[in-house]
Amino acid sequence: LPYLERLAAVAETRISTHPNAGLPNIMGGYDETPAMFAADCAEYMRRGLVDIIGGCCGTNPGHIRAMREALEQIDFSAFPPVAKDPDVIPCASEKEARFITPDVDVGETIECTPDLVEDILEAEEERPVGALRIAILEEDDLEIFAEEQYAIKDALCLWSDVPELMEGALRVYQGRAFYDGTGDLDRKELDRLSWTYGLIVL
């Protein structure tokens, strides 16, 4: 619930969730009964946290049937929409959710050199500003970025003035990046990258 509450407060799209039937037991099976599973799913929906729900590991037709029966008892028309803060923008690194505002400080631009990991760690630990800006200037930068992007924890501002390089970086990045609008990328191209890869355009 805490994770869904945090996500629902900022998500700009519908949320689909597919819970397990509990955690695996020592034998690798799942102990959550259909009734227990259905109660959890109904609570997520009752709170207006998710729009689409299903089942993942350990669920079977009995779990799905019980979930559907529980959901049929809920009057969804009575729910107010989840309140969202328009000044909070959700980003994500490979490992962590990050939330920025439109005036986020991106600090100095980091170039993709063989020292990229060290540069990322230094920027995040010694001069934290809220986000990193990494420049993708040529084809070789994509390979370095793809190998080293795991080290990023802060929100990431990707920068390039070449659409193909920006798209390549978005394709390999295991998170949701933003673009601060300081390059020469065409608005139509940025809209396409936003739609395809979730790029946030400030």
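Among contacts (heavy atoms within 4.5 Å) between residues at least 6 apart in sequence, 59% join residues at least 24 apart. Keep that in mind as you select.

This is a predicted model, in which local features need pLDDT of at least 70, side-chain atom pairs count only at pLDDT 80 or more, and totals for chains, interfaces and linings use all residues. Residues are numbered from 1 along each chain as its sequence is written, and side-chain values use heavy atoms, with hydrogens and water left out.

**Whole chain**

Show the cartoon. The protein has 7 helices and 9 strands. These are DSSP runs, numbered from the N terminus: H or I of at least four residues for helices, E of at least two for strands. The C-alpha atoms fill a box of roughly 55 × 40 × 30 Å along the principal axes.

Switch to the surface. Of the 202 residues, 39% are buried. Buried means under 20% relative accessible area, exposed over 50%, partly exposed in between (1.4 Å probe, protein chains only).

**Stop 1: helix 4**

Select residues 116-126. Leu116, Val117, Ile120, Ala123 and Glu124 are buried here. Why do they share a side of helix 4? They cover an arc of only 135 degrees around the axis, which puts them on the same side. The arc is that of the directions from the helix axis to the C-beta atoms. Turn to the other side: Glu125 and Glu126 are exposed.

Strand 5 (109-111), strand 6 (131-135) and helix 5 (139-148) are included in what covers the buried residues of helix 4.

**Stop 2: Glu32**

Go to the loop between strand 1 (16-17) and helix 2 (34-46) and pick Glu32. Glu32 is buried yet has no salt bridge. A salt bridge is a side-chain nitrogen of Lys or Arg within 4 Å of a carboxyl oxygen of Asp or Glu. How far away is the nearest side chain of opposite charge? That is Arg46, 14 Å away. Leaving aside neighbours within four places in sequence, Glu32 is in contact with Asn20, Ala21, Gly22, Phe37, Asp40 and His63.

**Stop 3: Gly55**

Move to the loop between strand 2 (52-53) and helix 3 (61-71), where Gly55 sits. Gly55 is partly exposed, at 31% relative accessibility. With neighbours within four places in sequence set aside, its contacts are His18, Pro19, Phe37 and Ile64. Draw a distance from Gly55 to Glu43: the C-alpha atoms are 15 Å apart, for 12 residues in sequence.

**Stop 4: the salt bridges**

The count comes to 11 salt bridges. Start with Glu43, partly exposed at 25% relative accessibility. Glu43 pairs with Arg46, the closest N and O atoms being 3.0 Å apart. The two are 3 residues apart in helix 2, so about one helical turn separates them. Arg46 is partly exposed at 41%. Glu43 also forms a salt bridge with Arg47, at 2.7 Å between the closest N and O atoms. Arg47 is partly exposed, with a relative accessible area of 40%.

Next, select Asp154 and Arg98. Their salt bridge has its closest N and O atoms 3.9 Å apart. Asp154 lies in the loop between helix 5 and strand 7 (155-159) and Arg98 in strand 4 (97-100), so the pair ties together parts that are 56 residues apart in sequence. Asp154 is buried at 15% relative accessibility, while Arg98 is partly exposed at 26%.

Salt bridges that share partners join Glu5, Glu43, Arg46 and Arg47 into one network.

Definitions and conventions:
Lys, Arg positive; Asp, Glu negative; His and termini not counted.
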